[in-house]
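Visitor: I am new to this structure. Could you show me how to read its inner spaces?
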Amino acid sequence: MAVTVVCLAYAPIAVTEIWPYARPGAPALGEWLLGRSVSPEFVAEAVRDRMGPYGRSLAPLITHSVLGGLLMLLGPVQLLSAVRRRVRLHRVAGTVFAVTVYTSMAGAALYLVRTPPAEAFSGAAFWIVLATILAGTVGSVTFGVLAAVRGLPDLHQRWMLLCYGFLMTAPLLRIEWGLLPTFYPGLDLADINRVAIMHLGALVSFGALLASRALDPRATVPGVTGTWCPLPVRIGAHLAGAAGLVWVTVAFLDEGTAGRRLLLAYLVPYAVTYAVIAVRAARAGARGADWAREEWSLHLTALCLAPAFSAVTVPVLERTLGLDRLTALVAGVGIGCGMLAYAAVTVVSLRILYAREVLRRQREFADLPTSPANAPAAAGTTAEGVRG
C-alpha cells in the first residue's frame, strides 16, 4: 500500500517534469512542490543547471518521463493483480508494462548517449549511476518476461519486483530532494543527488528482496538441498567486505567534509540493511525454513561483497573514464550495492533452475527401467538372474 501511495503521488510529477524545459513557464507539479518544501531559489538553480543537458534531448526525455508516469500507475496494478490472482488482468497489464519499460528506457538511453558524462547534470558519477540503473531495469524486465514465458512464476516474480525497485529510484530521489536540504542546508541539487545515490540502489534492491520474501511462503523448494553459501564462503565474503569497507571509509575521509557527508549517507543504510538481512536469515534457519534462509544468505553474501566490488571499481573508473578520485569514488560506491543485488537475484534464479534440473533428471532416471528402449535389457538381466 505504501508503494501504491508513492506511485500514485509521483505519476503526475513524472508526467509534467520535463515540460518547463521544452516550454518555459509550463506547469510542473514537482517544481511547484519543491519550491514550497525547500525554496524557489533551490528550484531555479536546479532548472538553470539542467537546462543545457536536457535541452539537447528534449524529445527522448519527454518520452521517458511521460511513460515513467504511466509505469507508476501500471506497477500497483501488477502488484495487486498478482496478489489477488487476477490472471488475465495481470497478463494484459504485464505486457503493457514491459513494452512501456522498454520504450521509456530507450528515451533515457538516448539522453545518456547524447550527453557526455562530464556534461550531465550532477556530473559523471550521476551519469554512471543512471546508466547502471537503466541497464538493471532493462535486464530485470527481460529476465522477468522470459521467466513468465517459460512458466517460472517464482523467478518471474523476483525479477519483476527488482525491475520495479529500480524504477522506484525516481520517486525516492524526488523525496530526498525535498528532505535532504533540511539536514544539509546550503547544498545545491547536484550535491543532494550525490548524497542520494550513495544509498538509493541499496534501498530499492532491499525493498525488492523484502517483497520477494513476503510473497514466497515456501519453507523448502523441491530439489534444493544443502546450501550455496557454506561457512567458508560466508567468512570469505565478510572478510572481503570488511576490507572493502575500510578502503571506502578511508577514501571518503580523505575528501574532507564532503567525503564525510557522503560516507555517512552510505554507511547508515548499509548497516541497517545488513542487520535486517542477517536477522532474517538467522530466524529462518531457527524455524527450519531452509529456502528462506538460503535466499537471505545469498543476498547477505552479495551485500558483504558490495564494498569490495566498489573498491575495485573505483580505480577502473579513474583509468578508463579519466575521472578524478572523488567522482570515481561516488560512482563506484553508488553502483556497488545495486549491482551485487542484481547478481544475488541471478544466483537465486540459478539455484532454482538447478533444482528443477535435478528433479527432471531424477524423474528420467526413475523411468529408465520401464522405458521401451531398456525393456529387453532389463528382461535379459532378469532371466540371467533366474538361471543363476
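This is a predicted model: local features need pLDDT of at least 70, side-chain atom pairs count only at pLDDT 80 or more; totals for chains, interfaces and linings use all residues.

Guide: Residues are numbered from 1 along each chain as its sequence is written, and side-chain values use heavy atoms, with hydrogens and water left out.

Visitor: What pLDDT does the protein average?

Guide: pLDDT is the predictor's confidence in each residue, from 0 to 100. Here the average is 91, and 95% of the residues score at least 70. Over residues 373–388, however, the pLDDT is below 50.

Visitor: How many cavities of 30 Å³ or more does a search find?

Guide: Rolling a probe the size of a water molecule over the atoms shows where empty space is left. On a 1 Å grid over the protein atoms alone, a cavity is a set of points where a 1.4 Å probe fits but cannot get out, and lining residues have an atom within 4 Å of a point. A volume is the space filled by probe spheres set on the points, which are joined across faces, edges and corners. The search finds three such cavities.

Visitor: Which residues lie nearest the centre of the largest cavity?

Guide: They are His64, Ala108, Leu130, Ala170 and Arg174, out of 33 lining residues. This cavity holds about 670 Å³ of space.

Visitor: And what lines the second largest cavity?

Guide: Its lining includes Ala202, Phe206, His299 and Cys337, around about 120 Å³ of space.

Definitions and conventions. Contact means heavy atoms within 4.5 Å. On a 1 Å grid over the protein atoms alone, a cavity is a set of points where a 1.4 Å probe fits but cannot get out, and a pocket is an open set with protein on both sides within 12 Å along at least five of seven lines; lining residues have an atom within 4 Å of a point.
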